[in-house]
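Please look at the structure below and follow a few of its charged side chains.

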Amino acid sequence: MARTLPAASPLNVTREWLDVSGDLGLRFTVENAGAAPVEIGSLGFPAEFNSIFTNRAAADTQRLCSLSDPYVGMHAGYIRANPVRGAGAALVVTPLGDDSPLEAYRNLAEPSYAATGYGSQTFEGLYEWQVLSRAWAENEWAGAEPWNTPSSRTLQPGQALQFGVRFSVAPGGVRDIDNAVRSTGTPVAFGVPGYIIPRGSPSQLFLQADSDVVSMASSPAGSLDVAEVSEMSYSITPASNFWGRAKLTVNYADGKIQTIHYHVTKSATDTLGDLGRFLTTEQWYNDTSDPFGRAPSVMSYDYEARSIVTQDPRVWIAGLSDEGGVGAYLAATAKQAIQPDAAEVSKLEAFIDQVLWPTIQTEDFAVKKSIFYYDPSGLPQYSYSSNIDWTSWTSWNKDSAYAIDRAYDYVHVAAAYWSLYRVARAYPSLVKVHDWEWYLNQAYRTVIRGMQNDVGYNRLGLMGETVFGEILTDLTREAMTSEASTLTRAMRSRATQWDAEEVPYGSEMAWDSTGQEGVYYWAKYFGMANTAAKTVNSVLGYMPTVPHWGWNGNARRYWDNVYGGKLKRIERQIHHYGSGLNALVLLSAFRSDPTDTYLLQVGYGGASGPLSNINAAGFASASFHSWPDTLKWDGYSGDYGPGFLGLVLGSGTYVARHETFGLLAYGGTLSVEGGSVAVQTTGPVSRRVFVGPLGLTVTIDAGSVRSFSYEEAPGSVSLTLTQLPGAPRAAAAVLWVETNDEAVEYRVSAPSGATSERLGWRIPLTAGGDVVVELTRS
């Protein structure tokens, strides 16, 4: 390879393809043939997998293309690649030898051609496995905090070093990736409930390696407390005063180094409290002179400027519609469904009554694409910023902004109404403007309006439309039979179409990861098993699990910052709304098949993603920038809300039996005594419990499940209900039970005051104490 280097270069490079125990190996020998030492500050392997969707039909993309993701974990690091369709064999690329750690993952700047569209919506671009990165870190990346400590190597005259990677097939597909990595002698880590964890609460870490652990250290120092529970099993507890990124470095006796990357949040209750306060104070817009009618409302926010975004050339961001404009108010309303606050509810009722219903929506329940628009001649008194370029197609005029033809926008509005319905039903004293029937009817009529022929994209799966299912469920519980039947017919028509399509994941984009959620929900609901299974595979094709908070459960998104972010570029986004929404598919599939714990590991990682977006002040960013020159949260709140809605609809406390690690709790701490299993809940949604070994789901609409226990043999379950900390007091909670086996039923045997209500049981709550609910299997 000497001819690829400058003529005066003292380095000789030899490339070899090797047989490594039946796997393919690629090795480079770098020799210093000069007379002086040479420091190598950058060395990497371009990792080029076929993710080119440009000019390809959907079926061809599924057949020909693959997606890859890194674990930036040093000697334990690897790249995983799998078919876009999520089914079939996968590939792992691991270090070959001891001198090729995955230290950094660098985006490659390449030219774009019409045939490929490099760096576009149909071709994200390619990356490089960076073994040495100090030169980049000291120059182009100087303003960013790297995942790992940047390093360089100095070659003395005559000295040679070898670097390489190994390619191994995972014949069992994505679920077999850890086994394939482990078979190469590369250490493997498995964290529960993942790598986004609340401070002060223990999580679990299991290591598998050929060599003993010599030492473990966290960075920043003291951020993580590590306690060995048993051989290669550890308890990881964040410090009670720490928040943010934390790295755990594991040193093995054979010299290998592994880094495991965590994001530590405040407690779930504190995190949600911070979010609600920030949204309804810092992001609260109350300028009643606004000519667009946006006040009062929760609006998009620029955290770097510490100001509300009242103008943007992408008018929807300032226009309270589209994903980029609803992110703030959708998060604010959805938050009330799991942790209501009286002051916040009061403001949101004003927003709904004064802005959402009379301005964002029309009298026939249609939803406008934006209520902010660019029309200087029509609004001569309004001062449009001269620092903004208003010539792009994104700067809609009034007619374009007021168009009602985008079905995606109807989901957000329906979700806002549904959230306030849940508040009004469980905490009726909190609502002053409308009762629960009004909110539920508004949600229903918005959904139905979105299904009419003058609305585009309504035959596609819509991001967040799991809430349509929640609305249908509540219509049924409220005995609103006619409305439930109408909504069911509308959804069945769409699902029947999808069931006949080879790739039913259409979008307004050429390729997307948004349609799968809706397709899966209704395919499962109507018993279309093949389409449901195919959709789960599709999600697994673009949603990995690795020991890194940023990529674990991170559904693939890479163009949305162009439409909703402050830093506008095509790049792999970390925990954009796709994480929370696609998690709904995997968590639902896991509840149907609790033996498939891979679904839980990926799904819970995705459901936890929206917690990492919320900073210590309560501001929620649209996504994290993964390019190594940035590695920070975007300045805009943007389209955060849909992902948070996914958290609200899917998160909870999940108990699973893992074939290797035994009983595990996600969103709780678990203990076993004799035949009884006890769990203390710690997750953001303490109203949903799934007990995998029993195939049992329990949900409540008010208060909180503080803890629960069960005995598997008799199937008995005991739940301790209490008032939600920091929230208003509820007089009662309605409890619902679902089982995977239709032949199995549960009844509430205690307390004696439980009565039937809305197809569940009404459980009276006390003002300040606990209420124990006993469930008996029959």
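In this predicted model, E478 is buried, because its relative accessible area is 12% and buried means under 20%. Its partner in a salt bridge is R425, with 2.6 Å from N to O. The two residues come from distant parts of the chain, 53 residues apart: R425 belongs to helix α8 (residues 408–426), while E478 sits in the loop between α10 (466–477) and α11 (481–499). R425 has a relative accessible area of 23%, so this residue counts as partly exposed.

How many salt bridges are there in the whole structure? A search finds 43. Another one joins D474 and R477, whose closest N and O atoms are 3.5 Å apart. Here both partners lie in helix α10, three residues apart, which is about one turn of the helix. Both D474 and R477 are buried. There is also a network, in which salt bridges with shared partners connect R425, E478, D701, E757, R758 and R762.

K335 and E344 make a further salt bridge, with 2.9 Å between the closest N and O atoms. K335 is buried, and E344 is buried too.

Now turn to the glycine. Is G527 buried or exposed? G527 is exposed, because its relative accessible area is 59% and the cut-off for exposed is over 50%. G527 is found in the loop between α12 (515–525) and α13 (529–542). Between the C-alpha atoms of G527 and I371 there are 40 Å, and the two residues are 156 residues apart along the chain.

How values were computed. Residues numbered from 1 in each chain as written. Predicted model: local features only at pLDDT ≥ 70, side-chain atom pairs only at ≥ 80, totals over all residues. Heavy atoms only, no water. Helix = DSSP H or I, 4+ residues; strand = E, 2+ residues; numbered from the N terminus. Buried < 20%, exposed > 50% of the residue type's maximum accessible area, 1.4 Å probe, protein only. Salt bridge = Lys/Arg side-chain N within 4 Å of Asp/Glu carboxyl O.
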